[in-house]
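Me: I would like to learn how to read charged pairs in a model. Please start with the terms.

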Amino acid sequence: MIKKYEKPVMLKIETGMMNKFGSSPYYTRKVRTEIDGVKIDDLVNEHGSPLFVFSESTLRQRYKQLYNVFSTRYPNIAFGWSYKTNYLPAICNILHQEGAIAEVVSEMEYDKARLAGIPGDKIIFNGPYKSISALEKAVSEGALVNIDHFDEIYDLEKVAKNLDRKIKVGMRLNMDTGIYPQWTRFGFNLESGQAMDAVKRIVNGGKLILNGLHCHVGTFILDPNAYALEVEKMTGLMYDLESKFNIKLEYLDIGGGFPSKSKLKGTYQSPDTLIPSIDEYAEAISTALYRNLKGGHMPQVYLETGRGIIDEAGFLITSIVTSKRLPDGRKAYVADAGINLLYTAFWYKYTIETDRELQGTNEPSMINGPLCMNIDVIEEGTLLPPMEKGVRLILSPVGAYNVTQWMQFIEYRPAVVLIGPNKTVDLIREREDLSDIIRREKVPERLKIKA
Amino acid sequence: MDRLQKLAVNSEGFVFDPTTGDSFTANSTGLFILNRLREGKSADEIAEELKKDFENAPEEVSKDVSDFVTHLHTYNLM
Ligand SMILES: Cc1ncc(COP(=O)(O)O)c(C=O)c1O
């Protein structure tokens, strides 16, 4: 067929929104009718929408993969499950069954771990605020307490006095590993000499026995080399303490921070190209350990990986409730889940799958939640085919941080289910109802409305 | 890899650059040229093909091709 000649042109699409697309529009048409063999339809009919769904097999596989990748390189390694990343007891218990100890950052999390049956000596207690009573409980139960600041040294000395014995403690460091922003608010700074001052203070006090170093350089760390640097600095300090104070440390806790395969806003490459494999992190860390540890010395190393273990095991099913055309031409959808449930929406661009095949041309679309607030946006701009009310979206990965940082604001928090072996579906958190909201609320007698 | 090779191009002339996130639309002749540049063809070869495949392609079609190529340069695609 002979076509008509026109002057060749190729124009950049400058709608302001179009050039923010993080992914190719041809990849946005993804359909998912089931999770681990269980139909989306059946899940929603049984448990409602929105609905968080966790895959037990993905979670176990991911844990095993990380554990194997690290333990085959450096055997004396253990994972402390970062409770704040997801502290639903069913999730924590899967990881404890796999061999993880607990890593907690508050008394509430500590109590949760104890309630689950984790003994104190299998709990790492971190964080900038630990009340004296929490410290006393944790110390007497044998927890690994990592000191965050000078006041905590004093508090722990008081605890030692009360218990009338010396107590073992770890110490959190912060340091320059080339990561921006540097997390300098937690622990004692290494380069400025603050960490050494803290050690002197601990030694002079005579009540605490320093037996570990802790550091967490940040989250979603894309450079494996940051960990190599962290290990080098931590081992350097460890041997420094040995020669200066004859301190023999039992553990190095190198924190969490591995990325998940999720797409950060503002990045244009796919997670598959941008995110180093877990082997690269393990290689960087183990190589740095063998390069810096004295021959034959193999201290216990802890990792506190959160996001990197759980994120990809979590999905959120949400339903389209309506759509409108915005004055700028975009299609705006309202879904029944918003940033109330998806704290990570502020920096992730989720994978969006639909529960059915859809007809029609893709068009620039945004997806908003139900919150009646301008910031309630779960997708600012992507190309989606026209969607009717009732179409369900499956968003992923959402397993990390969302079901701990979700908020109860104008809506009930939805049910959470776990898909286990042989397509079993277990409810692991019930949908809230009004009784959950009002249970702690009180109305003074004089303010009661009388019929 | 060549920047041009990385582009996602569909048959309607929608072009997406994964390196920058920029999107473009090309008309039929633009798409014709773009696809042949991606195959590694020279501007002269492409001009010849345009003359064969398109009705009333002008004599100075190679000027259009080089103008189009310049445009790709301004987009940093080449
Ligand atoms: C002390 C500590 N450990 C571990 C983690 C888990 O980090 P991630 O989920 O990035 O692995 C955090 C998260 O902020 C943390 O503060």
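Reply: This is a predicted model. One term first: a residue is buried when its relative accessible area is under 20%, exposed when over 50%, and partly exposed in between.

Me: Which residues here are buried and joined in a salt bridge?

Reply: In general, side chains of opposite charge can pair when their charged atoms come close. Here A:K349 and A:E379 form a salt bridge at 2.7 Å, N to O. Both A:K349 and A:E379 are buried.

Me: What does A:K233 pair with?

Reply: Its partner is A:E191, with the closest N and O atoms 2.6 Å apart. A:K233 sits in helix 8 (residues 224-245), while A:E191 is in the loop between strand 12 (188-189) and helix 7 (194-205), so the pair ties together parts that are 42 residues apart in sequence.

Me: Is A:K233 buried, exposed or partly exposed?

Reply: A:K233 counts as partly exposed because its relative accessibility is 24%. A:E191, at 40%, also counts as partly exposed.

Me: Where do A:E432 and A:R429 fall on that scale?

Reply: These two form a salt bridge, their closest N and O atoms being 3.3 Å apart. A:E432 has 5% relative accessibility and therefore counts as buried, whereas A:R429, at 27%, counts as partly exposed.

Me: Which residues are joined into one network by salt bridges that share partners?

Reply: A:D41, A:D355, A:R356 and A:R392 are joined in this way.

Me: How many salt bridges does the structure hold?

Reply: Over all chains, there are 30.

How values were computed. Residues numbered from 1 in each chain as written. Chains lettered and ligands numbered in written order. Predicted model: local features only at pLDDT ≥ 70, side-chain atom pairs only at ≥ 80, totals over all residues. Heavy atoms only, no water. Salt bridge = Lys/Arg side-chain N within 4 Å of Asp/Glu carboxyl O. Helix = DSSP H or I, 4+ residues; strand = E, 2+ residues; numbered from the N terminus. Buried < 20%, exposed > 50% of the residue type's maximum accessible area, 1.4 Å probe, protein only.
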